[in-house]
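Welcome, and thanks for taking a look with me.

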Amino acid sequence: MFSYEMYLSFLAVACLIDIPQSTAAACEPVRIPMCRSMPWNMTKMPNHLHHSTQANAVLAIEQFEGLLGTQCSEDLLFFLCAMYAPICTIDFQHDPIKPCKSVCERAKCGCEPVMKKYNHTWPESLACDELPVYDRGVCISPEAIVKAEGPDNPYYQDFSKCPPESTPDFPMDSHNVNCKGSNSEQCKCKTVRLGQKTYLKNNYNYVIRARVKEIRSRNHDLSAIVEVKDILKSSLVNIPRDTVTIYYNSGCLCPPLTANEEYIIMGYENEERSRLLLIEGSVAQKWKDRVGRKVKRWDQALRNQSRGSAGRGSQRRSRH
């Protein structure tokens, strides 16, 4: 996720007048008219679509003007500009920053149905699969850019106007449920078959038994509020036997969860932010006692496997 500190960093680029020419040449002012409303003013070519100049990028991005006019997704322009005129920072990293996978999925989810009406599909060049996932890589999304001055920024969020206790989470409306639900055409969840082989391969950070209280959407980012009944495994984050939030890392409810149902949930943890995550490969299945017993056996096998690997490594080091 692109932080506020990074945002200040790339805004400052325009003011750096004493940088040697060889350093500053990598970044150039944004000259694509459609992207001048974005909260960054410097870009770098070639872009993520391999256009060598902004003049070439302008010709390509203009094909989306009609689609933008339908207002099929509030994320579409941001996503397009992040691809065609990507943010460039002098002091952050060599390559321009990509948009988050969830931003792409939200834009596609809203706009592909409109495109299909005119016998078009979402372009392969804008495929979401290869984009970074929030909390697992560096990426940019509109909700991460919060300008201190407030409403002048089109992506500013004034949470002070939200009702107490509900900030910053909002119930999903019916559009989001239909668009992001596990049965929608845009969001087809990959089925993960739970077995010992899968468990050992995926090496989940946490495994819990939990009852889902509700599913929430904050600016299209999904999360599940669950009541933890039992903790079968916890690696990096202290998980209380209490109500906790589990964060999805895409715009799709995968794996799917239903309120008032009890599940065994296996996923990953973000130690730095003390978050439980549900990402690709995570598992959520209706709770059954026999599944819980199996998972405990599998975890013991995983521990034995880890100890065996560590022991063999020590033996090799001792020989040397």
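**Notes for a first look**

1. Let's begin with Asn-202. Leaving aside residues up to four places away in sequence, Asn-202 touches Val-192, Tyr-268 and Gly-281. Please keep in mind that you are looking at a predicted model.

2. Asn-202 sits in helix α8, which covers residues 196-202. The Asn-202 side chain also makes a polar contact, at 2.7 Å, with the side chain of Tyr-204.

3. Next, have a look at helix α3, residues 54-61. Which of its residues are buried? They are Gln-54, Ala-57, Val-58, Ala-60 and Ile-61. These residues span an arc of only 165° around the axis, which means that they lie on the same side of α3. The general rule behind such a pattern is that an α-helix has 3.6 residues a turn, so residues three or four places apart point the same way.

4. What covers that buried side of α3? The cover includes the strands β1 (28-29) and β2 (42-43), together with the helices α4 (65-69) and α5 (76-84). On the face of α3 turned away from the buried side you will find the exposed residues Ala-55 and Leu-59.

5. Now for the disulfides: how many are there in the whole structure? A search finds five, and three of them are described below.

6. One of them pairs Cys-27 with Cys-88, with 2.1 Å between the sulfur atoms. Cys-27 is in the loop between α2 (21-24) and β1, while Cys-88 is in the loop between α5 and α6 (101-117), so this pair ties together parts 61 residues apart in sequence. The S-S torsion is about -70°, so the disulfide is left-handed. Cys-27 counts as buried at 8% relative accessibility, and Cys-88 counts as buried at 4%.

7. Another disulfide joins Cys-35 to Cys-81, again with an S to S distance of 2.1 Å. The pair links distant parts of the chain, 46 residues apart: Cys-35 belongs to the loop between β1 and β2, and Cys-81 to helix α5. Here the torsion is about -95°, so this disulfide is left-handed. Both Cys-35 and Cys-81 are buried.

8. Finally, is the disulfide of Cys-100 and Cys-139 left-handed or right-handed? Its torsion is about 80°, so it is right-handed. Cys-100 lies in the loop between α5 and α6 and Cys-139 in the loop between α6 and β3 (170-171), so the bond ties together parts 39 residues apart in sequence. Cys-100 is buried at 1% relative accessibility, and Cys-139 is buried at 0%.

Terms used:
Residues numbered from 1 in each chain as written. Predicted model: local features only at pLDDT ≥ 70, side-chain atom pairs only at ≥ 80, totals over all residues. Heavy atoms only, no water. Buried < 20%, exposed > 50% of the residue type's maximum accessible area, 1.4 Å probe, protein only. Helix = DSSP H or I, 4+ residues; strand = E, 2+ residues; numbered from the N terminus. Arc of directions from axis to C-beta. Contact = heavy atoms within 4.5 Å. Polar contact = N/O pair within 3.5 Å; in protein donor to acceptor, adjacent residues only side chain to side chain. Disulfide = S-S within 2.5 Å.
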